[in-house]
Amino acid sequence: MSTIDIGVILAFTLLVFVCGLSFAKSGKNMKSFFAAGGALPWWMSGLSLFMSFFSAGTFVVWGSIAYTSGWVAITIQTTMCIAGFIIGFIIAPKWQKTKALTAAEFITDRLGYKTQKTYTYLFLIISIFTTGSFLYPVAKIVEVSAGIPISTSIIVLGILILIYTAVGGLWAVIVTDVLQFVVLTAAVLIVVPLSLEKIGGLDNFIAKAPESFFSLVNEEYSWGFMVAFGLYNLFFIAGNWAYVQRYTSVATPKEAKKVGFLFGGLYLISPIIWMLPPMIYRVLNPDLGGLADEGAYLLMCKEVLPIGMLGLMLGGMVFATSSSVNTTLNISAGVLANDIYKHFRPESTGDHLVKVGRLATIILGVITIMVALLVPFMGGIVEVVMSLAAITGGAMFLPPMWALFSKYQTGKSVLVVTIITLLINAFFKFIAPGLLNFSLNREDEMGLGVAIPIIMLTVFEFYARTKKADISQYTTYMKLVDKKASEQVDETTEGNKRGGRVIGIGVSSTGLLILGLSAIAETGVLLVASMGFIVLVLGVVIILRNIERKVI
């Protein structure tokens, strides 16, 4: 990697860091720090949801699958599109109507504090492994591109991420997410045509691709797996506490719907564009083996990107992938401060709780770094991500989400479903292979993880309805929601204007940077310059719109 690329990475890192730290004083209370005031624009929240979910796996996990299995990676991500639209139509507006700051707060309101306490401990334990599996791909990208040892990358990047998340809160996460979306979209629209040119055009790529490379499914990722994984994505995107924050942080149920629709729409289009580079690299270099295929995406970028653009792409990859880390850190810290600490210290002021949240972010960040260092010893990132999905997805997120719609589910019923499902999944994953010499394949593992909670919840629902069970817990909850709905949202208008201006400045600065790089590019000069101009204009428009809103 050239000196110019390294300089671009440093410049882009500084830009992202400044954007995040510009919200250091925005966290006046819990709602402003962990929910950005409660009335985020739907497009900001939707793009942040997309980046938070998309970034963790696209470059390393799905890039690895795209390299080895081809179109299967696109089919897998199509399930996320379907999930997004279902969430937009049905689930997202329901979450917004709860008027809860976090999913944990909803569980407390709806199912009781004892239930919430158990879920909180489970969530925090699982989130430690989740954030560790998110941080690992970031470090992998740096290792492949710059040759920096992965352990060093994990430690340095982990510290940077936890600092600006701890300081800026949800606004820092949202603004940097939107900035990464613009940067990476511009970069990949440069990478794809240059990659096709490198391989001799689209026809040559198709002709030289391995047999069955464009099949929708294969033996490991079958149609059964796709159905099960699609259900998992529905439960995970709709019920994961970090993503619920994106639905509850907008002002109205209609806005929450738009968040889901934007997510689904982006996943309708983006998988084909994003997965082409590692697929093309399979034709260019078919010899990657073991865990080396985790770096296929960036290796393709290194082959074709002009000088400086590789640095920008790498910077975008790093901070986009880290989006999932800072998203989970933010919500986990919010749960510790708002739902655990506040319970024991109810007299705590908003300012004090924000300080507790920042300290919690730092502690969780350190643990995340330690877990990320262990990922290579757990079978690699694909194995870790798929195993976490199968074991925890349906068990953790479906039961509380079911209570959004059911009058009859109770704290006891959802906890029983969650614990039994976790135990069964863990048994077949960790104990059965050694004890019974029996292990599940990907399809059966994922299918079991979603089928058990669905069946158990359905049986309880039918039983409770038939017996006309007591719904006093639900009635009490609805009264509490009505009370919360009467409370006014604070500091939202100014926060939205300021967030928009910061985004606009970041985007326009990136556009200027790309334009500058086009002047020294040896290949793709017109393509790079055109993309830089488009990004610059977009940034200026965002700034002007927010200035106009401020004047009005």
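**Loops, helices and their contacts**

Author: Let us begin with a loop residue: Lys468 is placed in the loop between helix H17 (442-467) and helix H18 (472-485). The model is a predicted one, in which local features need pLDDT of at least 70 and side-chain atom pairs count only at pLDDT 80 or more, while totals for chains, interfaces and linings use all residues. Residues are numbered from 1 along each chain as its sequence is written, and side-chain values use heavy atoms, with hydrogens and water left out.

Reader: What is the phi of Lys468, and is the residue buried or exposed?

Author: As a general idea, most residues other than glycine have a negative phi. Lys468 has a positive phi near 50°, although this residue is not a glycine. Its relative accessibility is 70%, so Lys468 counts as exposed. The cut-offs are under 20% relative accessible area for buried, over 50% for exposed, and partly exposed in between, with a 1.4 Å probe and protein chains only.

Reader: How many helices and strands does the chain have, and how much of the chain is buried?

Author: The chain has 20 helices and 0 strands. It has 552 residues, and 59% of them count as buried. Among contacts in the chain with a separation of 6 or more, 85% join residues 24 or more positions apart.

Reader: At what angle do helix H4 and helix H11 pack?

Author: Axes are lines fitted to C-alpha atoms, for helices over the stretch in contact, and angles run from 0 to 180 degrees between N-to-C directions. H4 (residues 72-96) and H11 (residues 253-284) pack at about 170°, their axes lying 7 Å apart. These two helices, H4 and H11, are therefore roughly antiparallel to each other. The contact of H4 with H11 comprises 18 nonpolar, 7 polar and 1 charged residues. Here Ala, Val, Leu, Ile, Met, Phe, Trp, Tyr, Cys and Pro count as nonpolar, Asp, Glu, Lys and Arg as charged, and the others, Gly among them, as polar.

Reader: What angle is found between H5 and H18?

Author: H5 and H18 pack at about 130°, with 8 Å between their axes. H5 is therefore oblique to H18. Angles under 35 degrees count as roughly parallel, over 145 as roughly antiparallel, 65 to 115 as roughly perpendicular, and the rest as oblique. Where the two meet, Glu105, Phe106, Asp109, Arg110 and Leu111 belong to H5, while Gln473, Tyr474, Tyr477, Leu480 and Lys484 belong to H18. By class, 5 residues of the contact of H5 with H18 are nonpolar, 1 is polar and 4 are charged.

Reader: Where does Thr421 lie, and which residues does Thr421 touch?

Author: Thr421 is in helix H16 (residues 411-435), and its relative accessible area of 0% means that Thr421 is buried. Not counting residues up to four places away in sequence, Thr421 touches Ala395, Gly449, Ile452, Pro453 and Met456. Thr421 and Ala395 are 26 residues apart along the chain, with their C-alpha atoms separated by 5.5 Å. The side chain of Thr421 also reaches the backbone oxygen of Val417 at 2.7 Å. A polar contact is a pair of N or O atoms within 3.5 Å; within protein, one must be able to donate a hydrogen and the other to accept it, and residues adjacent in sequence count only if both atoms are side-chain atoms.

Reader: Which residue's backbone oxygen lies 3.4 Å from a polar side-chain atom of Thr248?

Author: That oxygen belongs to Gln245. Thr248 itself is in helix H10 (residues 241-248) and is buried, with a relative accessible area of 12%. Apart from neighbours within four places in sequence, Thr248 is in contact with Trp95, Thr98, Ala100 and Leu101.

Key:
Helix = DSSP H or I, 4+ residues; strand = E, 2+ residues; numbered from the N terminus. Contact = heavy atoms within 4.5 Å.
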